[in-house]
Each structure stands twice: as structure tokens, then as C-alpha cells.
Amino acid sequence: MKKLWWAIFLFWVMKVSAGAATGPGLPKYFKPAPATVDHSKFEILKKDFKSPEEVTRACLSCHNKAGKQIHKSLHWTWTWKGKNNRLMGKAHVINNY
Amino acid sequence: MVSNWCRCTSCHAGYGWKDKNFDLSQEEKIDCLVCHDTTGTYKKFPTDCGYPPLKDKVFAGKKLFKAVNLSFIAQNVGRSSRESCGKCHFFSGGGDGVKRGDTDSTLVKASRKLDVHMDAKGLNFSCATCHTTLAHQIAGRHYDTPAPGKRNLALPKDEGYRLKCESCHGARPHKPEKGLFDWRLIKLNDHTDKVACQTCHIPFYARGKPTNTYWDWSTAGRFNNGKPIVEKSPLGPPSYHTKKGTLKWGRNLVPEYFWYNGTFSYLLPGEKVEANEPITLIKPNGSPEDKESRIYPFKVHLGKQPYDPQNKLIIIPKLFGPKGSGAFWADFDWIKASRAGMAEAGLPFSGKVSFVETVQYHALSHMVAPKEDALTCASCHTRKDGRLAKIKGVYLPGRDFSPWLDRIGWLACIFAFIGVTIHGGLRIVLARKSRKED
């Protein structure tokens, strides 16, 4: 009987302490990390762009791996090689809209 | 998309995909700004093959697209946001919320009620919070390939994927609000091997904008004294449109539930299919026997669309283009539109067009409701008309029963009651007797 009372007491202590640990408010993990760059300070972006391709060239002059990365992405290819080499992706499938 | 290039590619992350000869190896044709604009002023013109308006331009005679200020936008690039992803993804199907049923523009300033994670005043997730991105490869389900990551807490060894509910919530996600233990949650946590989180936590879909539930192309092309017709439905979007046909819309809809293992099957262009209606175009795979499968909510979309009865092929019509090109939205002739579309797709066309009913399914995974709005036990565990009334392969207590087992149970209850009454009664009577004898 003594053991049982001890167990109940311990459980109550744990319950109370766990309750105290979770205070109100929202977790802060989801705030985006602060930026380490201010793009408006770059000379290469301070010009009067005449075409969007000019902007892309300026982006890629620093982000020199981004072009190849995009070329591999579904957002660029609109093609997805599925099982048995079935060609899918927005450029290939049909829907009923 | 084939043969309707410049309309469709207005959502391509690039510039100038105007026909099948577009050179996908050009780097300068990449559109960085559509994803990385943070000013909210960058827009692509709906019919310019992915280009933004460089001069003020009017779309469809109504909507003004202001010239974009490329320098201002370029100087203010940053991370993607709900707004930047939404510029295309909220408008799939040709309008706000039309196709998906669980993503629309109301997510830009989402309330907690609409989306507990994107709640602008709360957790304020962006799309990329879950759709983790490494070197511009954005995690997600890709057609027949399931989304990456395991159904468990995402740890650094899991290559950074954080796409699934379980990535953050774990496989036993229900935790007591106070203390360490709540006996009611044990059984709830046991559900996660057979019931996906989305099933209970997305109790309704199309909770923002109305979504399209039925699209009948066969009635398109009617005119009133030579003028196109647009009839509005009570929910706002058109119930009839000369270019599109007859449309049905819904809001706050109850999903349909199927076994789903994270993969889909597609009927591809050129694959012969009998006209057994409805023809399934895109469907989830899964079965109760499959360990990877769980019960999952879906939007079901019905359509009626052109079909070549001789070649037994779903027709890809040319919709968009100038007059005389065969485009349906210019010439309003299904045979011409089918001929032009199928020719460009490199597929045969017999010259005959009929209309067939088709169906496709959309997995619902967005607009997760707050916990107080989740389904309750009785939504499924009920004798009649429960949410899972049509689900096969599991014994669902409350829905399923065996009359004999029920009878035995009731008999046991009655006997127990009688036994307790007799035993208790005897004890009371005998106790009084013994007290008197003392």
C-alpha cells in the first residue's frame, strides 16, 4: 500500500512539473533566419533593366550554380520520368479541367 | 498543355516557351523573379509565354496588368513566400482555387481557422517551411513518385526533408495538453498506421474560395445572338461560360476517402481507353492490404471532355490561339480544335469527336484546420452515413457489427446486472439480519 501511494505521489509531481514546463505562446523556430545580404546595395542590380533576361543574367553572375539547379527542377522541365520511363509532368499529362 | 503553349507557360519559371521547340538549355530564360520577388509587384502576363508585362497591358479586355519595374524587383529579391508560390499554384485550373480545393489566395493572409500552420498571426509558415528545398529542388509528391521522407520525426540524417505531418509531429502525434498522460489519447495515437493525419484534420475542403467540382466541355461554344454567354453561379464563378462549358462549384465540401499509399496512376496521352464511363484519368493507388496505404481524403473532380471514339483516345484539344488556327477559343469548332491539338501532340485523330465522362482525384493536404475543428470519433464510428461508410478492408467499430456478438454482449450485460442485483441484495439483507442478531 505504501508503494502505491508513493507511485501516485510521484506521478502527480511529474504531471505538475510537466505542466509548468510548457508555458503559453508560440514556438519561435519558424521565423526565417535573418538575411545576410541586402540586394539593393549591389551595383549590378542598380540599372534600368530593359528585359527580364537581363535580370536573370545579373542574378546568375553571382548565383553561378543556380542556373543548372533550376534546369534540373520540375519547375523548369515540366517533365517527370516516372516508373517504366513513363513521361509525366505538366508538359505531358492530361486532366479534365 | 501541348498546343496551348503561351497560355499555359505563363506559369512556367521561364520566359518564351512558345512552342515545342523551346530550348530548355538556355540559362538566361530562367525566371528568377517569379519565385524570389518580395515586393508583390511582379506578375507574369497570362498569355505571354511566361513574360511579365513590360508595358501596361489589358488581359481579356478587362484586367489591367501594370508594367513591372524590373530594377525595383531585382533589388528586393529574397526568399519565396506564400504570395510568390501562390501566384501560380493558387490559380491552377485557370482561376483562384479552381483545381486543388485546398490551396487558394485566401492563404496569403490565412487565419488560424483556415490553416493552423499558415496562420498569419500565428505560426505563419511559408510553403517552403514544409516543402523543404535543397539546391532549388523543392520536395513534394511528383506524379507517380511519393513525397520523400519517412513517416516519422525528421532528423538531420533524413536529408532535410520535412514534408510530412509526421516530420514534426511524430508517429504518435497526440500529446496531452497538461501533464504526461491522457488515457483518451492512447487509442487516438493507435490510428496513425491506418488513418492519415489529413483524414481527421482536414474535415472539409474548399474552405477559402469555391472550387470546381464538375466541368462539362461538351456544352461550350454556345452564343446568344453572336455574343458569348457568361452565367454566374450563386457562389460567384460561372455556371456557364461560352469558352468553357457548364461548370459546378462547391465550398466547405466533405472529402471522399480512399486507401492511398502516396502514389498516383495516370492515363497518359496516346494510351487507348474504352469509353466505360467515367474514364479514370488520375487516381490514387492503395489498398487495405498494402502496409504503406492509409485512409486519406480526396477531392473528386468529374469532367466531360472530347474523346476520339474510333482511336479510343482522350483528345487534347487546341484551346488557345488566333482565329483560323483551329483553337477552340477562337474558332469554336471541336473537330478543328481536336485535329490541331492532336496533330501538335503527335497523336492520331479519326475526325470523330464524342464526349465522355472522366474522373480524377486530388489528394488534400493543405488548409489543415485547428484541432478543435478536427473530426470526432463519431464522424466515422457510426452505424450509418459515417465519413468512412464506403471504406473496405477494416473492421470499423460502430460501423461494422455482428448481430450475434451484439446479442451475446447484451445478454452478458443483462446477466451481470441480474447477478449484481441478487448478490448485492442478498448482502444487504444478510447484513441487516446479522446486525439485528448482534
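# Exercises on a two-chain model

In chain B, the span of residues 116-201 is 26% helix and 5% strand, and its end C-alpha atoms lie 10 Å apart. In an unreviewed entry, UniProt places the feature "domain: Cytochrome c7-like" at these residues of chain B. The model used throughout these exercises is predicted.

**Exercise 1.** Work out which residues of helix α2 of chain A are buried, and how they are placed around the helix axis.

*Solution.* Begin with the helix itself, which covers residues 52-62 of chain A, and in which P52(A), V55(A), T56(A), A58(A) and C59(A) are buried. A residue counts as buried here if 20 or more other C-beta atoms lie within 10 Å of its own. Next, look down the axis of α2(A): the buried residues fall within an arc of 160 degrees, so they line one face of the helix. Finally, ask what these buried residues pack against, and you will find α2 (33-36) and α3 (70-74) of chain B.

**Exercise 2.** Describe the side of chain A that touches chain B, by its elements and by the kinds of residue in it.

*Solution.* First take the contact itself, in which 47 residues of chain A meet 57 residues of chain B. The elements that give two or more residues to this side of chain A are α1 (2-21), α2, α3 (66-72) and α4 (74-77) of chain A. The largest share, eight residues, comes from α2(A). Sorting the residues of this side of chain A by kind then gives 24 nonpolar, 15 polar and eight charged.

**Exercise 3.** Find the strands that pair with β16 of chain B, and state the sense of each pairing.

*Solution.* Start from β16(B), which covers residues 354-363, and turn to strand β13 (residues 279-284) of chain B, which pairs with β16(B) in the parallel sense over three bridges. Within these two strands, I282(B) stands opposite Q360(B). Then turn to strand β14 (residues 294-308) of chain B, which runs antiparallel to β16(B) and is joined to it by ten bridges. Here the bridge partner of L302(B) is V359(B) in β16(B).

Terms used: Residues are numbered from 1 along each chain as its sequence is written. Chains are lettered from A and ligands numbered from 1 in the order in which they are written. This is a predicted model: local features need pLDDT of at least 70, side-chain atom pairs count only at pLDDT 80 or more; totals for chains, interfaces and linings use all residues. A residue is buried if 20 or more other C-beta atoms lie within 10 Å of its own, exposed if 12 or fewer, and partly exposed in between; C-beta atoms are placed from the backbone. Helices (H or I, at least four residues) and strands (E, at least two) are DSSP runs, numbered from the N terminus. The arc is that of the directions from the helix axis to the C-beta atoms. Two residues are in contact if their C-beta atoms, placed from the backbone, lie within 7 Å. Ala, Val, Leu, Ile, Met, Phe, Trp, Tyr, Cys and Pro count as nonpolar, Asp, Glu, Lys and Arg as charged, and the others, Gly among them, as polar. Two strands pair if DSSP finds at least two bridges between them. UniProt positions are given in the numbering used here, feature names are shortened, and annotations may be inferred rather than shown by experiment.
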